[in-house]
Amino acid sequence: MSMPEQHAYLRTKLTRRGLLRSSAVTAGTVAGGGLLAGSAHATPVATPTLLTSGAASPVDGSLVAPFARHLAFGADPKTQMRVSWQVPFAVRRPYVRVGLKPWDLGRKIQAEVRDLHTPSLSPQLPAVDQFYLHAALDGLRPGTTYYYGVGHDGFDPADARHFAAVGTFRTAPARAERFVFTAFGDQGVSYHALANDQLILGQNPAFHLHAGDICYADPDGQGSEHDTYDARVWDQFLAQTESVAKSVPWMVTTGNHDMEAWYSPNGYGGQSARWTLPGNGPDPDAAPGVYSFTYGNTAVVALDANDVSYEIPANQGYTGGRQTRWLDRRLGELRATPGIDFVVVFFHHCAYSTTTAHASDGGVRDAWLPLFEKHRVDLVVNGHNHVYERTDALQGGRVAKKMPPGERVDPRHEGIVYVTAGGAGKALYDFPVPDSYEGHTKDLDHVDTYHWAKDGTKTKEAAEWSRVRYTGFSFLAVEVVPGHRPTMKVTALAESGERIDHFEVVR
């Protein structure tokens with residue numbers, strides 16, 4: 001079942017269920033309040049509703065504490081930051097205060113409220129109303145540390161009583177300088193996820209990339225009519241992530257578990273309510289997880305692999321090819337931009353992996369790998385498979401240069417390295433062969449694996465490119481060093497802090 005079909009199915013199913021319940025209670029009278037059992041609304045909600053900032057509050061604002069702050073860059077990280085958070089009830093006139101000192105938050109920016117209603121999608125799940133708030137900070141100074149606080153009528157972050165709630169962020173520099181970014185996919189809510197967050201915070205990253213399958217409110221992720229999702233898991237996830245995301249821009253894209261059909265035909269209405277992303281992709285309203293940004297000498301491109309996946313086709317082709325055409329054009333623009341040394345692409349489904357769970361997606365390979373090679377992309381980061389795995393440097397699907405831990409590669413001449421960093425916190429997967437990582441090397445001539453074909457079947461292949469494999473919780477930390485010969489120092493760290501892999505990308 002496609003996402004639009006599932007969306008229509010859920011709307012019809014829940015409306016009929018609500019009508020039957022309403023008929024039983026009101027002896028044949030159909031009232032709007034009966035359409036969505038357990039809803040706090042008097043009328044059915046078709047899509048996420050945008051409330052005005054003056055929406056009436058049923059609770060004294062002084063008793064409502066903001067939580068789950070998370071940052072994201074705007075299209076220009078030098079001058080734009082997006083601040084998002086939650087409140088448990090509707091509030092009046094929400095806003096962000098921002099300034100150059102924690103005791104001087106003189107600038108006040110009005111926030112937008114995005115009210116998201118989720119009905120009871122199964123007898124085990126309650127209806128849920130959530131309130132997400134978003135503020136756009138523009139006209140900021142490059143390379144500057146700012147302090148901010150979020151509030152509303154009755155809760156002023158500038159009040160000394162709320163001083164502990166003041167956060168901080170730093171805009172991108174005007175010129176290239178050394179920095180670190182981190183990356184992983186498939187996090188969810190767990191102690192392992194929390195441990196990874198704290199280790200990431202210790203890297204002092206300029207930003208973090210989350211390659212899809214964000215919280216697993218939908219545990220099935222198959223895009224079928226049987227998928228259900230517990231919206232409350234998003235509250236748990238965002239609260240868990242706040243310790244990092246309140247100061248480190250948390251840049252996400254979409255995985256198969258992030259398609260939630262109730263909210264919109266493409267399944268991304270929930271994501272649009274919860275996140276504010278750069279919005280400079282081919283169609284930000286339809287595909288919020290497709291965008292790009294530049295930090296220093298490094299350009300980052302986020303893609304939605306649900307659009308091209310052969311394995312899970314629920315959203316296959318939903319952009320009508322616009323995303324792939326945009327990718328070709330955008331990569332060309334970035335390569336022609338002076339000052340950009342490195343181009344990093346991240347998305348969910350794996351181009352190359354050998355796990356027994358998902359392995360590789362032929363749809364990703366067919367649609368995008370020729371473009372990565374055409375424009376000489378420097379690093380590709382995926383999730384989907386809950387492990388760490390890294391390829392050799394590849395050209396045309398073949399090994400162009402073997403890349404044991406500690407090796408160096410120039411993508412202009414020696415191929416592209418693909419990294420699966422899906423060990424962020426969810427239950428781990430297995431390889432069909434032993435792990436092989438730094439200090440525990442077990443090199444093999446090939447790994448018998450498969451990739452997903454266009455007809456949805458598994459096609460066997462002997463993978464000579466699987467160079468590093470680690471079954472454990474982990475993430476990437478990438479140090480970018482500008483200069484005469486720019487370098488990306490890529491390191492994989494286990495949950496324990498142990499280094500399991502490292503290599504360099506040079507230009």
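Predicted model: local features only at pLDDT ≥ 70, side-chain atom pairs only at ≥ 80, totals over all residues.
1. One of the paired positions is Phe179, whose bridge partner in S26 is Val480.

2. Lys402 belongs to the loop that lies between strand S20 (398–401) and strand S21 (408–409). Is Lys402 buried or exposed? With 57% relative accessibility it counts as exposed, because the cut-off for that class is over 50%. Leaving aside residues up to four places away in sequence, Lys402 touches Asp392, Glu407 and Arg467. Between the C-alpha atoms of Lys402 and Lys460 there are 22 Å, and the two residues are 58 residues apart along the chain.

3. Strand S23 (residues 447–452) has five buried residues out of six and is mostly covered. It pairs in the parallel sense with strand S16 (residues 360–361), over two bridges. In that pairing Ser360 has His451 of S23 as its bridge partner.

4. S23 also pairs with strand S24 (residues 458–463), here in the antiparallel sense and over six bridges. Asp448 stands opposite Ala462 of S24. The two strands S23 and S24 form a hairpin, with five residues between them. Which residue of the turn has a positive phi? That residue is Gly456, with a phi of about 85 degrees.

5. Strand S7 (residues 128–137) has eight of its ten residues buried, so the rest of the structure largely encloses it. S7 pairs with strand S3 (residues 81–87) in the antiparallel sense over seven bridges, and Met81 has Leu137 in S7 as its bridge partner. Strand S6 (residues 112–118) is likewise joined to S7 by seven bridges and runs antiparallel to it. There, Asp115 stands opposite Phe131 of S7.

6. Helix H2 (residues 191–201) packs against helix H3 (residues 232–245) at an angle of about 10 degrees, and their axes are 9 Å apart. The helices are therefore roughly parallel to each other, because angles under 35 degrees fall in that class. On the H2 side the contact is made by Ala193, Leu194, Asp197, Gln198, Ile200 and Leu201; on the H3 side, by Gln240, Thr241, Ser243 and Val244. By type, the residues of this contact comprise five nonpolar, four polar and one charged.

7. Two domain features come from the UniProt record, in an unreviewed entry. The record places "domain: Purple acid phosphatase N-terminal" at residues 67–171. In the model, residues 67–171 are 0% helix and 49% strand, with the end C-alpha atoms 22 Å apart. The record places "domain: Calcineurin-like phosphoesterase" at residues 194–388. Residues 194–388 are 28% helix and 15% strand in the model, and here the end C-alpha atoms are 18 Å apart.

Notes:
Residues numbered from 1 in each chain as written. Heavy atoms only, no water. UniProt positions renumbered as here; feature names shortened; annotations may be inferred. Helix = DSSP H or I, 4+ residues; strand = E, 2+ residues; numbered from the N terminus. Buried < 20%, exposed > 50% of the residue type's maximum accessible area, 1.4 Å probe, protein only. Pairing = 2+ DSSP bridges. Axes fitted to C-alpha atoms, helices over the stretch in contact; angles between N-to-C directions. Parallel < 35°, antiparallel > 145°, perpendicular 65-115°, else oblique. Contact = heavy atoms within 4.5 Å. Nonpolar A, V, L, I, M, F, W, Y, C, P; charged D, E, K, R; others polar.
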